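Here are a few notes to go with your first look at this one. Have the sequence and the 3D view open while you read.

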Amino acid sequence: MIKLAIPTNGNMVDSHFGHCEMYTVVTIDDNRNITGIEYLPSNQGCGCRSDIAGILQKIGVRLVLAGGIGQGAIQVLNRYGIEVIRGCAGDVIALAEMYIKGELVDSGISCAQHEDHHGEDHTCSH
């Protein structure tokens with residue numbers, strides 16, 4: 001079994017991890033079936049400074065499928081034992097199904113931030 005989290009806006013992958021409306025948490029069993037979907041509200045803010053990594057770890061998440069995400073947030077998630085696949089887009093359930101089929105590849109692109117990326121000038125280019 002694996003639990004994965006997808007930064008979500010509506011039923012679509014949010015283009016930025018730290019600004020999503022919520023996280024859709026998908027449970028996939030050992031037979032590669034989706035067996036559960038939960039919704040975790042986001043406190044919206046910089047992913048590397050929020051407590052989301054600890055929360056996701058506590059509920060058993062081991063993978064995040066993200067659109068755009070900064071390197072700081074990736075490092076924090078990794079410290080909590082959570083891997084990240086970047087460059088994801090589209091409907092969250094379709095994305096989870098793509099993961100199950102082995103069709104997802106990390107884009108290798110992290111969000112670019114200004115020197116003071118915790119201020120209002122936080123930008124993402126992807």
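The points below start with the overall layout and then move to individual residues.

1. First, a caution: this is a predicted model. The protein has three helices and six strands, and from the N terminus on they come in the order β-β-β-β-α-β-α-β-α.

2. The exposed surface comes to about 6700 Å², with carbon and sulfur atoms supplying 47% of it. If you take the contacts between residues at least 6 apart in sequence, 46% of them join residues at least 24 apart.

3. How many salt bridges does a search of the whole structure find? The count is two, and both deserve a look.

4. Start with E38 and K3, whose side chains meet in a salt bridge at 3.2 Å, N to O. E38 sits in strand β4 (residues 34–41) and K3 in strand β1 (residues 2–9), so this pair ties together parts that are 35 residues apart in sequence. As for cover, E38 is partly exposed, at a relative accessible area of 36%, whereas K3 counts as buried because its relative accessibility is 15%, under the 20% cut-off.

5. The other pair is D106 and R86, with side chains meeting at 2.6 Å, N to O. D106 is in the segment after α3 (92–100), while R86 belongs to the loop between β6 and α3, so the bridge ties together parts that are 20 residues apart in sequence. D106 is partly exposed, with a relative accessible area of 30%; R86, at 15% relative accessibility, is buried.

6. Next, have a look at T27, which is placed in strand β3 (residues 22–28). Is T27 buried or exposed? Its relative accessibility is 8%, so T27 counts as buried. Leaving aside residues up to four places away in sequence, T27 touches M1, I2, K3, N33, I34, T35, G36 and E38. That list includes K3 and E38, the two partners of the salt bridge in point 4.

7. Finally, E83 lies in strand β6 (residues 83–85). Its relative accessible area is 56%, so E83 is exposed. Not counting residues up to four places away in sequence, E83 touches R62, L63, V64 and N78. For one more spacing to check in the viewer, E83 and L65 are 18 residues apart in sequence, and their C-alpha atoms are 8.7 Å apart in space.

Definitions and conventions. Residues are numbered from 1 along each chain as its sequence is written. This is a predicted model: local features need pLDDT of at least 70, side-chain atom pairs count only at pLDDT 80 or more; totals for chains, interfaces and linings use all residues. Side-chain values use heavy atoms; hydrogens and water are left out. Helices (H or I, at least four residues) and strands (E, at least two) are DSSP runs, numbered from the N terminus. Buried means under 20% relative accessible area, exposed over 50%, partly exposed in between (1.4 Å probe, protein chains only). Contact means heavy atoms within 4.5 Å. Accessible areas come from the Shrake-Rupley method with a 1.4 Å probe; for residues, only the protein chains shown count as cover. A salt bridge is a side-chain nitrogen of Lys or Arg within 4 Å of a carboxyl oxygen of Asp or Glu.
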